[in-house]
Amino acid sequence: MRREFKEYNYDWMIWSIIDNASKTHDGTDKEYRNLLSFAPHFKDVLDAIIRQGEPGILLLKALSAYIKDMFTAHEMGKKIALISYCFPPALLYAFDVVPLGLEVMTTLGSFIWKRGIWDYLDYCCEVGFTETSCTAQRGALGAYLAGLAVRPDFILCSTPGVCDTNANSFSFASAYLDIPFYQLNYPPTLTDERAIKYQREDFRHMIAFIEEQTGNKLDIDRLREVVEETAKQDELVCEIQDLQRLVPNPTPGIFALFVFGAKFALGGTKVCTKLLEAMLKRVKENAAKAVAGTSSGKERARGFCCYIEHFTTDLRFWTWMDKNSISYLGSGLDLFWQEGASYAKGRESEGYSVDTTNLDTMIDSLAVQAARMPMVKQIRGPYDRPGMWLDDVVGASKIFKADFVAYFGTMGCRNTWGMIKLLAKDTEKLGIPTVIMYSDSWDDRVASWGSITDRLDEFLTVRRIYK
Ligand code: SF4
């Protein structure tokens with residue numbers, strides 16, 4: 001890793017940028033506009049978020065507090081758990097443990113810095129981790145392996161059985177840094193008795209592990225608080241996604257990022273509820289005016305990503321969609337399968353509900369929720385089995401009235417890359433135009449942003465998707 005990257009800690013650098021960004025709109029709008037011209041290279045991403053008004057400002061302030069909690073946790077007497085994005089953090093907030101979302105930290109670095117996160121990505125390989133692994137973990141992981149960020153106290157991994165490359169990152173981190181590790185394993189099925197029983201027991205063993213690591217028993221009142229907050233958040237997301245079915249879609253495309261970002265980092269907290277309420281208010285205002293959530297207020301096409309989006313510098317994916325007046329409908333990362341979700345209608349057994357009756361029901365609610373997190377639900381088994389990837393993509397595309405579906409990925413994402421051509425054949429047969437973008441969502445060295453937009457534009461034009 002180059003020397004200049006070792007001068008400051010990764011988490012501190014990300015925090016200082018986001019903290020400053022979160023204060024840019026504390027004055028008047030005129031002051032903010034003037035200030036933008038002095039902002040370094042990340043002014044585009046800053047404006048993409050701030051121009052959403054209250055939700056954008058709330059998101060930046062919440063992220064600033066979230067990251068500061070990480071590197072001040074030990075001073076505050078708190079423990080830190082390194083987790084994957086597909087682990088609901090509410091349980092950790094109930095323990096007063098700081099959830100350190102590895103992919104959240106990778107993504108923040110990736111969209112803030114023009115120089116990208118290449119040095120951190122490559123550092124993992126310098127110390128022996130495979131280059132053909134998922135960059136979602138490998139980005140921030142490089143900083144943690146190099147000691148350029150706070151040291152987590154324990155690791156919770158929720159991907160064995162679902163994504164081997166993800167699970168390997170966490171087990172490598174545990175071995176390399178000598179940090180205690182618990183892995184939730186997922187069977188390839190979801191709704192049968194054996195799978196349900198296994199997941200519940202495994203989740204309880206994990207709680208025992210957290211109790212051992214923290215020296216604290218799970219507090220029922222604190223758990224109730226976060227579980228109730230989770231239920232409110234689930235309802236708000238349902239309402240936002242319900243309104244997204246309107247034509248034109250009144251939801252700003254970047255709200256898809258806000259939804260999963262908030263759920264992955266802040267799920268179960270009051271600030272997450274406040275953020276989602278502000279987003280819903282904004283969507284309802286657009287719906288009342290019958291305008292699309294794009295900057296132009298118009299809708300030339302509606303797009304859905306069958307798995308993840310593209311997260312490099314300046315959130316260019318969202319800006320590009322917005323500039324082309326494409327209503328962005330979200331991705332697999334926005335499908336949480338809570339009760340009441342429009343895409344879960346008729347498939348209730350695949351979803352989950354929140355039950356706060358007693359300690360057991362609350363733990364079960366979180367266990368079932370964890371088993372339905374994005375990726376954990378749909379990539380765990382064969383892509384075309386009931387309730388798996390194909391079903392979820394087709395269901396969401398139809399419900400959200402998508403004109404096209406896009407896939408971003410490489411063979412680093414082994415499970416999805418191995419299935420995507422078959423999935424695309426099936427979706428095409430069902431009349432959903434589907435484009436496969438060979439590109440890495442966190443590393444532009446694989447395919448440049450220019451080549452991505454050329455291909456996307458060609459696809460939308462040749463397939464006559466633009467209205
Ligand atoms: S499924 Fe793909 S993108 Fe998701 S964690 Fe695994 S390798 Fe990364």
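A: Begin with burial. Buried means under 20% relative accessible area, exposed means over 50%, and partly exposed lies in between (1.4 Å probe, protein chains only). This is a predicted model: local features need pLDDT of at least 70, side-chain atom pairs count only at pLDDT 80 or more, and totals for chains, interfaces and linings use all residues. Residues are numbered from 1 along each chain as its sequence is written, and side-chain values use heavy atoms, with hydrogens and water left out.

Q: Is T135 buried or exposed?
A: T135 is buried, with a relative accessible area of 3%. T135 lies in helix 8. Helices are DSSP runs of H or I with at least four residues, strands are runs of E with at least two, and both are numbered from the N terminus.

Q: Which residues does T135 touch?
A: Contact means heavy atoms within 4.5 Å. Not counting residues up to four places away in sequence, T135 touches T106, L121, D440, W442 and D443.

Q: How many residues of helix 8 are buried?
A: An α-helix has 3.6 residues a turn, so residues three or four places apart point the same way. In helix 8 (residues 135-145), 11 of the 11 residues are buried, so the helix is largely enclosed by the rest of the structure.

Q: What covers the buried residues of helix 8?
A: The cover includes helix 1 (10-23), helix 4 (54-72), strand 2 (98-101), helix 6 (102-112), helix 7 (118-126) and helix 9 (164-177). Just after helix 8, G147 takes a positive phi of about 75 degrees.

Q: Which residues point one way from strand 7, and which the other way?
A: In a regular strand the side chains alternate between the two faces of the sheet. From strand 7, F404, A406 and F408 point one way. V405, Y407 and G409 point the other way, and all are buried. With 6 of its 6 residues buried, strand 7 (residues 404-409) is largely enclosed by the rest of the structure.

Q: How many bridges join strand 7 to strand 8?
A: Two strands pair if DSSP finds at least two bridges between them. Strand 7 and strand 8 (residues 434-438) run parallel and are joined by 5 bridges. Y407 has I436 as its bridge partner in strand 8. Strand 5 (residues 301-305) also pairs with strand 7 in the parallel sense, over 3 bridges. There, A406 is the bridge partner of C305.

Q: How many helices and strands does the protein chain have?
A: The count is 18 helices and 8 strands. Of the 467 residues of the chain, 62% count as buried.
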